[in-house]
Amino acid sequence: MRAEDEALILACIPSLRRYARGLTGDPHRADDLVQDTLERAWSRYSRWQRRGELRAWMFGIMHNHFIDGVRAASRRTDQTAPGDLPDAPVRATQTDHLEVRDLDRCLQTLPAEQREVLLLICVEDLSYQETAQILAVPIGTVMSRLSRAREKLGALMQGRDTARRLRPVPTPREMP
């Protein structure tokens, strides 16, 4: 492998770490996922056909490896409860920490397919086409998942769930 190719792979690490953190919600599992992705990309580099961007190819490797892990975990009986979320890292101010924690928890409540699309497009700044290739779904599916993810995340961040969306929240004066 040429030094230029190695540099291209290494340049993808920050983006891979962000995406892995968003997928797993756990910094340790995210680091493991990035490590596995880099190992697979390195060993399969000759298979990359240079038709697309290297970064998108590596996101595809990570996505597929993550999905394989989720499927394997669902077959195990010793799963953790779905409400157990790791604490977010401590931020500079108290309000920042609370906002990041709330965002992280809300992200983790989104269905996996919506969370993946949201992270790839909004955080990693990939195009709809690249995201569709990574996830192996039609571009229309990417757009609808992104729309649903944004709507649900907005509702969750504002403290309202989608089931109560049509009913106005009563003000304190209206409450019995």
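The model is predicted: local features need pLDDT of at least 70, side-chain atom pairs count only at pLDDT 80 or more, and totals for chains, interfaces and linings use all residues. Residues are numbered from 1 along each chain as its sequence is written, and side-chain values use heavy atoms, with hydrogens and water left out.

**Helix α4**
- Helix α4 covers residues 54–75; helices are DSSP runs (H or I, at least four residues) numbered from the N terminus.
- Its 22 residues reach 32 Å from first to last C-alpha, close to the expected 32 Å (1.5 Å times one less than the number of residues).
- Among the buried residues of α4 are Met 58, Phe 59 and Phe 66; buried means under 20% relative accessible area, exposed over 50%, and partly exposed in between (1.4 Å probe, protein chains only).

**Aromatic pair**
- The whole structure contains 1 aromatic pair (ring centres of Phe, Tyr or Trp, its six-membered ring, within 6.5 Å; planes under 30 degrees apart are stacked, over 60 edge-to-face, the rest tilted).
- Tyr 19 belongs to α2 and Phe 59 to α4, so the pair ties together parts 40 residues apart in sequence.

**Salt bridges**
- There are 5 salt bridges (a Lys or Arg side-chain nitrogen within 4 Å of an Asp or Glu carboxyl oxygen).
- Glu 124 and Arg 18 pair at 3.2 Å, N to O; Glu 124 is buried at 2%, whereas Arg 18 is partly exposed at 42%.
- Asp 104 and Arg 21 pair at 3.8 Å, N to O, and both are buried.

Key:
Helix = DSSP H or I, 4+ residues; strand = E, 2+ residues; numbered from the N terminus.
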